[in-house]
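Here is a friendly walk through two parts of this structure. Please have the sequence and the 3D view open as you read.

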Amino acid sequence: MDKEALSKSYSPHVVEEKWYKYWLEGGFFEAEDKSEKKPFSIVIPPPNVTGMLHMGHALNNTLQDIIIRYKRMQGYNSLWMPGTDHAGIATQNVVEQALAKEGISRHDIGREKFIEDVWKWREKYGGIILNQLQKLGCSCDWKRERFTMDEGLSRAVREIFVKLYNDGLIYQGDYIVNWCPRCHTAISDLEVEYEEEKGGLWYIQYPYAEGEGGIVVATTRPETMLGDTAVAVNPNDERYEDVIGKKVILPLMNKEIEIIADDYVSKEFGTGAVKITPASDPNDFAIAERHGLEIIVVIDGNGVINENGGVYRGQDRDTCRENVVEDLKKGGYLIREEPYLHNVGRCYRCKTIVEPAVSKQWFVKVKPLAKEASAAVVKGDTRIIPPIWEGTYFEWMENIRDWCISRQIWWGHRIPVWYCDECGKIIAAVEEPQVCPDCGGGSLKQDEDVLDTWFSSALWPFSTLGWPEKTEALETFYPTSLLVTGFDIIFFWVARMMMMGLYIMKKVPFNDVYLHALVRDEEGDKMSKSKGNSIDPLKMIDRYGADAFRFTLAAFTAQGRDVKMSEARIEGYQHFVNKIWNTARFAFMNLDDYTEKGEKVKDSEYSLADRWIKDALNRTIREVSSSLDEYRFNDASGVIYQFVWHELCDWYLEMIKPVLYGNNSPERRLAAQETLYDVFEKTIKLLHPFIPFVTEEIWQKMKVAEGTSVMVSEFPAESETYEDGDAFHRVSVLKDIIGNIRNIRGVMNIPPPKKLRVLLSVPDRELRSILDDGREYILNLANLQELSVEGTVEEPRGVATGIVGSIKIYVFLEGMVDIVAERARLEKEMKKLSKDLVNVSKKLNNRDFMEKASEVVIRKEEAKFEELKEKNRNLEEALKKLQEIEE
């Protein structure tokens with residue numbers, strides 16, 4: 001190995017670009033449709049073509065890449081299927097905004113031209129996010145890239161729509177839906193985001209049609225009363241049992257409506273009487289269906305009052321509310337008004353307040369599909385990880401409503417339904433029909449609506465593999481092995497893929513579903529540009545390198561917990577990457593005269609340190625592998641970090657330096673070299689799924705093997721020959737002793753270059769043997785002048801004492817410290833420490849602070865308090881030892 005092979009410092013940008021290009025050109029990401037290898041497949045959650053890489057994408061795709069690289073190295077025929085989603089509403093909005101800058105709308109240019117413009121936009125900008133994923137190091141099989149509106153997937157959409165329609169699972173009907181007045185389309189329940197907002201609760205009297213008085217209703221939306229068709233009370237509400245069936249006058253509209261009884265009405269809300277506006281509230285719509293009430297639409301698709309609103313026609317809904325309230329006051333109908341906190345639904349895309357609206361839409365009957373999808377998880381055909389999300393999945397499936405799949409936009413999969421102008425026949429067909437199958441007429445018109453974006457996404461696991469064709473890829477890779485996605489789209493996407501996969505393929509779409517949490521800032525708050533706490537992944541990659549960024553994400557991804565991220569944490573793991581680089585440089589310098597296929601080493605030549613590091617590596621391999629198998633990313637990264645930084649670098653390299661530098665026999669040096677090479681090469685392989693770029697650079701320099709890559713080398717496996725419990729025990733004892741001596745040196749402020757005199761009192765004969773055998777390690781690593789290992793001895797005067805189990809450590813202090821100066825330093829530090837303790841204690845005993853501070857901040861202060869107390873105890877002990885020397 002060439003000791004000059006690696007530069008002094010690691011430059012991620014040069015390395016990342018070089019090796020990603022090499023991987024692409026070498027076809028290392030590519031899977032085989034037919035192979036003797038066992039298949040492993042993941043389909044990427046397709047990002048929107050409008051998307052730019054954010055922290056959610058970065059986390060999700062880093063986790064997928066870790067698993068796919070791990071499986072590839074284990075010898076699986078590994079496919080990671082990439083692609084993008086056409087994102088109907090989002091993409092249409094982007095193109096419409098571009099047109100608006102030119103002073104035109106989509107209606108000005110017409111549907112055909114608008115769709116043409118969207119395709120042009122997609123060709124120009126749609127691949128940006130995929131290029132950004134490459135900067136992250138994602139090893140997708142890019143030659144297989146799919147798009148939810150490419151020809152194959154479009155055919156799959158039409159085939160499945162027609163099958164659902166023919167099976168009676170798709171129907172068209174008048175129904176109340178969530179309507180976005182800004183996007184001019186219906187949106188599903190899942191696409192409505194609810195937030196608690198301050199509003200009002202208006203109490204309005206509806207006078208009885210006959211006699212005196214009236215009934216008072218409470219409403220949060222007085223403007224919708226223009227479309228009221230009843231007043232409802234609970235049948236068990238004694239206050240109203242005598243008025244059920246009576247007629248009241250609808251204020252402002254001067255028409256009679258009936259008081260009805262329905263169990264849905266809560267006796268506790270408002271006055272216990274509610275107005276029923278079937279066209280503006282889904283619950284009212286359901287009541288209207290049960291009671292056969294008239295449905296009067298008063299708000300049009302733009303959020304403006306229509307001709308059914310009388311004098312308020314032409315007013316937008318907000319203006320209408322103000323005018324209605326004013327007119328109610330003037331007419332003496334408004335009893336009172338009070339502030340009211342309630343949930344307001346907004347469009348997930350444009351944040352406009354959603355308007356419930358009755359319209360003709362297409363729906364999927366999902367109850368039968370949901371039943372099978374629930375059963376598949378119960379049976380274990382698909383595992384949801386972590387299992388805490390199973391309950392949420394089952395609850396939603398049990399209470400599922402029919403899925404509104406039609407959208408009143410132009411960009412998307414146009415619904416494959418045609419209407420015959422001559423006989424009214426509705427024709428659902430995969431290919432465009434030329435004549436009506438019933439009357440033979442040729443005047444056919446296709447439905448104007450497009451399908452919900454999630455309809456095509458629900459087919460993603462099998463449509464991307466070639467369905468409806470029976471392709472080899474479909475045969476090999478379906479069901480897919482794993483889906484990695486955020487818990488927030490378990491309903492939007494995961495549940496629907498389960499339903500469609502079982503319906504079409506008769507098999508679940510994936511064996512495992514790993515649901516990760518959200519990425520938040522280090523305080524646990526949601527990231528947002530307005531708060532200024534968001535992190536741009538691309539900036540982090542440019543600043544610290546993709547490897548450091550990836551490893552940070554993995555290190556903080558614990559199952560069921562949000563990922564708390566900060567730039568400081570990414571910078572911290574950049575130091576880890578640099579540590580690996582510097583370790584490689586050390587190894588290369590000391591393996592310059594070593595060849596992998598050189599002279600064989602006898603077992604007797606391996607030192608205790610050699611035996612121990614192999615056992616430590618073996619334990620690490622076992623724990624990393626089991627953690628990745630169970631998707632415990634933080635555990636896997638934590639174990640390997642601990643091994644590299646502490647066991648390999650802090651201990652093993654320090655233990656073998658004297659041997660490598662020629663202070664021992666050539667045979668021992670060769671044994672150390674072989675061990676170092678073997679352990680470090682396996683460590684690089686262990687690290688590769690997490691930090692692919694730096695590991696490729698080092699591995700290539702170690703192997704000098706053209707045309708291959710560490711990503712297709714064999715992932716390390718446990719080895720019985722590496723197991724060595726005796727070496728593990730012996731080195732653990734030595735590490736404890738050395739660590740204790742180092743701690744005493746630190747507490748007593750003894751300069752590192754000063755060599756110490758140490759006496760060990762060791763009652764146990766076996767431990768004395770271990771310490772005698774490891775004498776050289778203790779002398780070197782604790783920097784001792786003298787080490788005595790005795791049986792049970794009394795504590796000498798003038799020593800600092802440490803205890804490890806039954807072993808007592810005595811460090812002689814005479815001549816090691818300037819007693820007067822050290823005492824003054826300790827007293828000064830204790831004085832400052834005392835002030836800090838008082839300040840933190842006051843804060844923790846302050847009720848106002850404890851009530852207002854976040855849990856994270858409180859935990860930090862509590863940890864700080866304990867740390868200060870521990871430090872104070874150590875200083876008191878050190879001061880006591882100095883006083884003993886003076887006596």
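## Terms and model

Contact here means heavy atoms within 4.5 Å. Helices (H or I, at least four residues) and strands (E, at least two) are DSSP runs numbered from the N terminus. This is a predicted model, in which local features need pLDDT of at least 70, side-chain atom pairs count only at pLDDT 80 or more, and totals for chains, interfaces and linings use all residues. Residues are numbered from 1 along each chain as its sequence is written, and side-chain values use heavy atoms, without hydrogens and water.

## Where H2 meets H17

Met-55, Ala-58, Leu-59, Thr-62, Asp-65, Ile-66 and Arg-69 of H2 are in contact with Phe-549, Arg-550, Leu-553 and Ala-554 of H17. The axes (lines fitted to C-alpha atoms over the stretch in contact, with angles from 0 to 180 degrees between N-to-C directions) of H2 (residues 55-73) and H17 (residues 546-555) lie 10 Å apart, at an angle of about 90 degrees. The two helices are therefore roughly perpendicular, a term for angles of 65 to 115 degrees.

## The two faces of H9

Just after H9, Gly-332 has a positive phi of about 80 degrees.

Note on methods. Parallel < 35°, antiparallel > 145°, perpendicular 65-115°, else oblique.
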